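Let's take a walk through a protein chain together. Keep the picture open beside you as you read.

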Amino acid sequence: MNIEHILHNEIQDFINQNLNKDSTKLALKKNPFPEVNYSVIINQIIAKKKAKDKLPTWFSKENIIYPEKISIEQTSSETTAKYKASLVSGEKLFDGTGGFGIDDYYFSKVFTSVIHCELNADLSKIVKHNFKVLNAHNIKCHQGDSLEILKNHQAEDLENQKFDCIYLDPSRRNDTKGKVFLLADCLPNVVEFQDFYYQFTNTLLIKTAPILDLHAGLLELKNVAQIHIVAVENDVKELLWKIKKGFTKYPEILAVNIEKGKQTITKIESSKNYSARYSLPKKYAYEPNASLMKSGGFEAISELFLIDKLHQHSHLYTSDANLDFPGRKFRIDVIVPFQKKEISALIQGKKMNVSTRNFPIKPEEIKKKYKIKDGGTIFAFFTTNMNNEKIILLCTKL
């Protein structure tokens, strides 16, 4: 990609004027700039559209260049990047998997200097340009394999250096293994090279996709001090593994939800055996947020929030008081035994939002069988209580 061509005022104006147009139809029209590959211009439009909500700082800045749209899709959002930057700080950070540089931009605000390494030459060039536009002058960009750069001290500013933190976002080598996700299947292989990285730092911060099982990650990695499960608007976006050289204790698990600008964090000590309390449904029902669900700390939730669980395997909670809780809250209006007579009268043909928790029938089957329409103000939880009875909770969301 020739960055200078894309930066021409006429092309930048064309990109901005067509952000709300259908890119597919636009691509079929004649290229108004024959000296530039039209697909490159169309990609700038598509990528900038994707950046609007995810990367508002980049979107609002003039003369930002965008990479292929997949890089925008895979990059951290500004929201999660800001959270990462709250976890580490110091003089020097080395990012071995730089990507589009969103994380490094925010790391540069809490570190004196940041090194951005990127294997893709075009992407490295784009990011270097963008950092200049964003006035992030304490970030240095190096193109190449970060492991080789560290091994051979290829960059003059790396020789004999120790870093306060090395940050890595390993990418999967391929997707042929479906949902099986092991860190050893990623590049760089942080499992194999963990001790190598310790030659340069005492702190590693590793980002992984939410699909990685926490227990599997702990079996592969050593010295994990903290696991941060980061959700935005109740959708888990990434897992952050903070690793300290020589750390041998049990890690702390932090379930983080960032919603409407507010941050909620629940700390779970993996060394502790939590005990859950159980009861039949009371006045209120609670559904933990996505980061808490990912943590698997269902007994801990009961103990930490002094709240009762409906059943060992029903991850719904209940109380008589309206509690402050990190998740969705409901007032229980009706408790219905899962029996034909009661069901027909209360749910047949109604409009409601159906969910199942520890229940043998899937929501789609329930809706089809009882002719339930999606939507409305009624929330129906099909679940199992502490007496192993199948029940339906008809609720109003608070």
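How many salt bridges does the count come to? The count comes to 16 salt bridges, where a salt bridge is a side-chain nitrogen of Lys or Arg within 4 Å of a carboxyl oxygen of Asp or Glu. Before we visit some of them, note that this is a predicted model, in which local features need pLDDT of at least 70 and side-chain atom pairs count only at pLDDT 80 or more, while totals for chains, interfaces and linings use all residues. Residues are numbered from 1 along each chain as its sequence is written, and side-chain values use heavy atoms, with hydrogens and water left out.

Let's begin with the whole chain. Its secondary structure comes to 16 helices and 19 strands; helices (H or I, at least four residues) and strands (E, at least two) are DSSP runs, numbered from the N terminus. Along the principal axes, the C-alpha trace spans about 75 × 60 × 35 Å. Of the 398 residues in the chain, 49% are buried. Here buried means under 20% relative accessible area, exposed means over 50%, and partly exposed is in between (1.4 Å probe, protein chains only). A contact means heavy atoms within 4.5 Å, and among contacts between residues at least 6 apart in sequence, 63% join residues at least 24 apart.

Now for the salt bridges. Lys 272 pairs with Glu 303, and their closest N and O atoms are 3.3 Å apart. Lys 272 sits in the loop between β11 (262-269) and β12 (277-278) and Glu 303 in helix α14 (residues 298-304), so this pair ties together parts that are 31 residues apart in sequence. Lys 272 counts as partly exposed at 42% relative accessibility, and Glu 303 counts as partly exposed at 27%.

Next, find Glu 287, which forms a salt bridge with Arg 328, the closest N and O atoms being 2.6 Å apart. This pair links distant parts of the chain, with Glu 287 in strand β13 (residues 284-288) and Arg 328 in strand β16 (residues 327-337), 41 residues apart. Is Glu 287 buried or exposed? Glu 287 has a relative accessible area of 8%, so this residue is buried, whereas Arg 328 is partly exposed at 24%.

A further salt bridge joins Arg 331 and Asp 333, with 2.8 Å between the closest N and O atoms. Arg 331 is partly exposed, with a relative accessible area of 37%, and Asp 333 is partly exposed as well, at 38%. Elsewhere, salt bridges that share partners join Lys 84, Asp 103, Asp 169, Lys 207 and Glu 238 into one network.

Glu 252 is found in strand β10 (residues 252-259) and counts as buried, at 15% relative accessibility. Leaving aside residues up to four places away in sequence, Glu 252 touches Ala 225, Gln 226, Ile 227, Lys 267, Ile 268 and Glu 269. The C-alpha atoms of Glu 252 and Phe 111, which are 141 residues apart along the chain, are separated by 24 Å.

Glu 62, in contrast, is exposed, with a relative accessible area of 65%. Look for Glu 62 in the loop between α5 (56-60) and α6 (69-74).
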